[in-house]
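This briefing is written for a reader who has the sequence and the coordinates at hand. Please consult both while reading the notes.

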Amino acid sequence: MKNTFRASMALVHTTLGLVTGWVLFAIALSGALSVFRQDINLWARPELPATASDPVVVNAQALDWLSHNAPAASAWYVASANALQPFATALWPDAKGNYIQRALDPTTGSPDGIRDTLGGEFFYRFHFELQLPYPLGRLIAALAALALVVGLITGVIIHRRIFADFFTFRPSRGQRSWLDMHNLLGVAALPFHLMISFTGAVTLGTLLLPWSTQALYRNDLTASYTELNPALYSRPATGHSAHLASFLPMLREAESKFGGAGLEQIYVFNPSDQASLVTMIAGNDHTVSTSSQIITFDGPSGRIIQQHIEHRPVLKAYTFLYGLHVARFAPGLTRWLYFLSGLALAALIGSGMHLWTIKRLRRPHHHGHRIVARLNVGMLAGTPLAFASFFIANRLIGSTTPHRAGYEVIILFVVWGLTLLYALARRPERAWPELLGGSAVTCLVVSLLSLSWYTSVMAGVSVTAALLSASFAFAAFRTLQKTALPA
């Protein structure tokens, strides 16, 4: 530690940024895209209509299809149709225990003719799982979120002129300009940055602090889950077959009891057994908090056997913080503010990483500093390029190709890996404009692939991608102007 408190906080700020910066950049960028998860889900499946009729009817059609085509599955997990996503998405295990996820047609309830893609779900899950097995990915994301909270607080401490920094930007001043931009990005959306990092850490808090749960429930995590969600009633299968009651009356009853909150999730356990259960979880159409009400029906009879409205203060506080983070409550304008603030957070992290390398490379060259400088280019300029390639792959891979959802993800990571290798092989002065230019081209291709504009989602993706393309092109041009060095 240093001699003064501010100097010590500066060391903490720099160290945390260096250790977690690349992970946080990817998390922030995918999190910004996750704000429009449902819109991306719809964009990725142009076969589906942009609007639907009654979501309750759409959900009933989906459940009916599952009852005829996956009756032997141990459970069905259905994400309800809503105003933003007018189709249901189902997840169920096959005979080998592998999970199948499909979007279901709002008219027929069938996945036939709909391309297999993760769509916005990829960015949503990558945001907190990093495409790593449980619990490793979530634990890394939780630690990174906690590091971001500490990094933001220490950043506030070490800046004496934090409010003046809001009005200060000196262009064309090299390192000074980068520091001004870093400070400006930090101050301009500081409440959002603090909120999103803190709520992210709280959301994954049981991974950061698991010991109280382990001490109270020993190794019986089922008992913990039951106390958290009393209406998620469970009972073992009897081994005697039975048919499920009609879904539409159960859905209508749940809708009326949820009082306009909407429907978020439907779980059906042991669907072909006498002990089958149908659990419905309310949405949060009018509140920030999530999952405030749960109803469980007896599958064969369709009668309610458990109902719970959450009133416990601690859990209400948790669902409020979680709701703030995922922003399902947010109307259009608020979602755009979340998206832009998420991009600002990614730029804040990226500018901090770039500042670190600028300062170090001014000193006598160190081999490690040169490697970090090159990897910085690959991560900061290559990640948007890789993410844009996911959208391009969605359109270029044949819609009937088997396992195409996996190919989309593979293409993203292959492109990402190639950008990192390219950045390692090139001088940063050359790699910066080249990879920024690549990001501009890929975003432009995404915009062109959305040009039909026959829905508001297509128009929104096209315009947003075009603006991002122009931003990357401008950055590439400015970088190229300042670095007229030989290759």
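The notes below cover the sheet, the helix packed on it, a surface patch, salt bridges and local backbone features.

The model is predicted: local features need pLDDT of at least 70, side-chain atom pairs count only at pLDDT 80 or more, and totals for chains, interfaces and linings use all residues. Residues are numbered from 1 along each chain as its sequence is written, and side-chain values use heavy atoms, with hydrogens and water left out. Helices (H or I, at least four residues) and strands (E, at least two) are DSSP runs numbered from the N terminus.

- Seven strands make up an open sheet with antiparallel pairing, in the order 3-2-1-4-5-6-7; two strands count as paired if DSSP finds at least two bridges between them.
- Strand 3 (99-104) and strand 7 (304-309) are the edge strands, each with a single partner, so one side of each has no neighbour in the sheet.
- On average, neighbouring strands of this sheet are turned by 15 degrees against each other, direction ignored; axes are lines fitted to C-alpha atoms, for helices over the stretch in contact, and angles run from 0 to 180 degrees between N-to-C directions.
- Strand 1 (residues 75-79) and strand 2 (residues 88-93) run antiparallel and are joined by three bridges; V78 has A90 of strand 2 as its bridge partner.
- Helix 11 (residues 247-258) packs on the sheet and touches strand 1, strand 4 (263-269), strand 5 (277-282), strand 6 (293-298) and strand 7. Contact means heavy atoms within 4.5 Å. The direction of helix 11 makes about 155 degrees with that of strand 6.

- Six of the six residues of strand 6 are buried, where buried means under 20% relative accessible area, exposed over 50%, and partly exposed in between (1.4 Å probe, protein chains only).
- Both faces of strand 6 are covered, with Q293, I295 and F297 buried on one side and I294, T296 and D298 buried on the other.
- Five bridges join strand 5 to strand 6 in antiparallel fashion; L277 has D298 of strand 6 as its bridge partner.
- Strands 6 and 7 form a hairpin with five residues between them, and G302 in the turn has a positive phi of about 80 degrees.
- I304 lies in strand 7 and counts as partly exposed at 26% relative accessibility. Leaving aside residues up to four places away in sequence, I304 touches E253, K257, I295, T296 and F297.
- I304 and L277 are 27 residues apart in sequence, with their C-alpha atoms 9.8 Å apart in space.

**Nonpolar surface patch**

- I371, Y407, I410, V414, L418, L421 and L424 form a nonpolar surface patch with about 630 Å² of accessible area together.
- Patches are made of residues with over 30% relative accessible area and no salt bridge; like charges are joined within 9 Å, and nonpolar side chains (Val, Leu, Ile, Met, Phe, Trp, Tyr) within 5 Å. Accessible areas come from the Shrake-Rupley method with a 1.4 Å probe, and for residues only the protein chains shown count as cover.
- Helix 15 (residues 404-425) gives the most to this patch, with six residues.
- I410 is placed in helix 15 and, at 49% relative accessibility, counts as partly exposed.

**Salt bridges**

- The structure holds 14 salt bridges, each a side-chain nitrogen of Lys or Arg within 4 Å of a carboxyl oxygen of Asp or Glu.
- R404 forms a salt bridge with E408, the closest N and O atoms being 2.8 Å apart. Both residues lie in helix 15, four residues apart, about one turn of the helix, and both R404 and E408 are buried.
- Within helix 11, E255 and R252 are three residues apart, and their closest N and O atoms are 3.5 Å apart.
- E310 and R312 meet in a salt bridge (2.8 Å, N to O); E310 is buried at 7%, whereas R312 is partly exposed at 33% relative accessibility.

**Local backbone features**

- Most residues other than glycine have a negative phi, and most peptide bonds are trans.
- The peptide bond from Y134 to P135 is cis, with omega near 0 degrees; P135 lies in the loop between helix 4 (120-129) and helix 5 (136-158).
- Q131, also a residue of the loop between helix 4 and helix 5, has a positive phi of about 60 degrees although it is not a glycine.
- N270, in the loop between strand 4 and strand 5, is not a glycine either and has a positive phi of about 50 degrees.
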